[in-house]
Amino acid sequence: MLNNPSIQNLRLRLAQSEALPQLTLMALMTGLLAGGFLIAFEDLLFYFGVVSQRALIPEQVFATLASVESGYEALPPLVRFLSPIGGAIALILLIKRCPPGQRSFGIAHVIERLTLNRGWLPITGTITQFLTALIALVSGFSVGREGPAVHLGAGAGSFLGQMLKLPANTLGVLAGCGTAAAIAALFNTPMAGVIFAMEVVMKEYSLESFIPVMASAVVASVLTQTVYGPNPAFQIPIIPSAVPEDLVVTAITAVIIGLLAAAFIQINIFTMQKRQNKVVLPLLIAGLLMGIVAVLIPATMGIGYDTIEALLNGDEVNLQFLFILLAAKLVITPLVIGLGVPGGMIGPSLMIGAAVGACCALLAEQFPGVSTNITFHVITGMIAMMAAIFQAPLTALITVLELTHSSQIILPAMLAIVIACLTSSQICGQQSIFAMQFLVHGQNIQLSPMAQLLNRTGVAGLMDRQLVTLSSESIPNELRQINSTNSHWVVLGDRQPGQIIRTKDLLECHNQGEDITSQIRDNVVIQTLPIDLQSTLYEARKTMLDKGLDVLLVMENNGRKKVEICNAVGVITLQSIERFLSNAQ
């Protein structure tokens, strides 16, 4: 099937930067695959959560629980202490079975793979992320499911491309499509999923990527809405228009959130530096710390969506308890993630922002004549914290618009996002949490516009396919055949790793009456190296510049362990790539 002519034509077409219809079709398939993964993940998470709590909580208490998350607080203290420790042990056993190079998970892993590894995500790593995320969430760690979901979605897109042996420029886009599908499916916010994929993960805006990513998000949303219904992640009451005093409170809250976001990032980075890629001891420490905090403050367990729902609905809360919960969540979440627990940060960041907004609203009401709407400040706090930690202002704005379905929230949300992002980045000197994590590992994930352009096109889209493969001895007897086939290149099949000759140079020597055999041994032979058919123009150009070559021989592997010269399918030249860049400007 993989060598079917239609599949071969699809690969060659997708190597072109303008293959929008074919790429959109693949994106639709990615949306279905990623949406299916996310539905299975959500259902298993709910099932294991319900089963474990039903076994540990009295039936009359269990029947009153509003959600699985609220059940953590009903667990006996000893169970709350032992559950994260048991989860940490299970994580150690699972992660230690993975090769050291495949122990990275979550959104940062997806960004790294898109930027530095052509969008190639190992399927074993994706499966491990699925299992470890279930363990971390069911055992009550203060982590979110969004990071693992993005890894699963991106892994689904990358796996589809790998299975069909599509060119590398397609793998990155399909991984981005899976990212958008994951966010769209989790929050039922397709627009936010698209913007998150483009702004945070792929870091580019182009028509060639935007349309497929949008298509994938739509398919995933339709699939999850069919299963779970059309409601978004949070049920938000109608929000009244903001009054001047609300905007003042929002501005002050945003400054505080910017400072707390910087603290969140620094706790996570400091912990990662101390961990130094170790597995056993850091995870045991994470389990122990989470167990202690869970005994003292049960509400810190899980993502915190039940707390967000309570604050959005205006349920009466104790200000002192809210402060304690905020402080505990702000410290324990980046701490356990930095220690290696494979969970996400988006959900906990929303809960922290909601708590900050509620605290500021309650404090403002202590002043005479000040009246605030707590739901309003909970929402702006959630969005501001999300924007500041991930430095993703547009994603945050689209998210709040889709969650509230209200244009009245746009102005105050923009005010909160701008102030929080500037406070965290300019006053505290913090980049996004993912950029800071890469700096810890000494990695640079910023690609130039030229590199992004070259990565969007495969070598198959620019290579010259007019070539014949002959041995050195047979060339003098095959000149007429070479001329009749209109081939531009002659590949010397008896030379390794591969030498080629321009057909026009060979024929010119023959027309001048020169000895062809001696010329083959002399100056008409071009030294070259092989490059895989799935490679991008960026990889081809970098290889040629690094090795001092002008030509690369494009090879089709077809799953073979050893690539033979007879698998040559084309020739890519540095001149053609530079011409491509010149025409694109």
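**Helix packing in a predicted model**

Student: Which helices do the buried residues of H13 pack against?
Tutor: This is a predicted model. The buried residues of H13 contact several helices. They pack against H7 (146-163), H8 (168-187), H14 (319-338), H15 (346-364) and H16 (374-390).

Student: Which residues of H13 are buried?
Tutor: H13 spans residues 305-312 and is mostly covered. Six of its eight residues are buried. They are Tyr 305, Asp 306, Thr 307, Ile 308, Leu 311 and Leu 312.

Student: How many residues of H8 are buried?
Tutor: H8 is one of the helices that the buried residues of H13 pack against. H8 reaches 30 Å from its first C-alpha to its last, close to the 28 Å expected. H8 is mostly covered, and the buried count is 20 of its 20 residues.

Student: Which residue just after H8 takes a positive phi?
Tutor: Just after H13, a positive phi of about 75° belongs to Gly 314. Just after H8, the phi is about 55°, and the residue is Asn 188.

Student: Are H11 and H19 roughly parallel or roughly antiparallel?
Tutor: The axes of H11 (residues 244-275) and H19 (residues 433-440) come within 10 Å. They cross at roughly 25°. Angles under 35 degrees count as roughly parallel. The two helices are therefore roughly parallel.

Student: Which residues of H19 make the contact with H11?
Tutor: H11 passes H19 in a right-handed crossing. H11 contributes Phe 264, Ile 265, Gln 266, Asn 268, Ile 269, Met 272 and Gln 273. By class, the contact has seven nonpolar, four polar and no charged residues. From H19 come Ile 433, Met 436, Gln 437 and Val 440.

Notes:
Residues are numbered from 1 along each chain as its sequence is written. This is a predicted model: local features need pLDDT of at least 70, side-chain atom pairs count only at pLDDT 80 or more; totals for chains, interfaces and linings use all residues. Side-chain values use heavy atoms; hydrogens and water are left out. Buried means under 20% relative accessible area, exposed over 50%, partly exposed in between (1.4 Å probe, protein chains only). Helices (H or I, at least four residues) and strands (E, at least two) are DSSP runs, numbered from the N terminus. Contact means heavy atoms within 4.5 Å. Axes are lines fitted to C-alpha atoms, for helices over the stretch in contact, and angles run from 0 to 180 degrees between N-to-C directions. Angles under 35 degrees count as roughly parallel, over 145 as roughly antiparallel, 65 to 115 as roughly perpendicular and the rest as oblique. A crossing is left-handed if the near helix is turned anticlockwise from the far one by less than a right angle, and right-handed if clockwise. Ala, Val, Leu, Ile, Met, Phe, Trp, Tyr, Cys and Pro count as nonpolar, Asp, Glu, Lys and Arg as charged, and the others, Gly among them, as polar. The expected span of a helix is 1.5 Å times one less than its number of residues.
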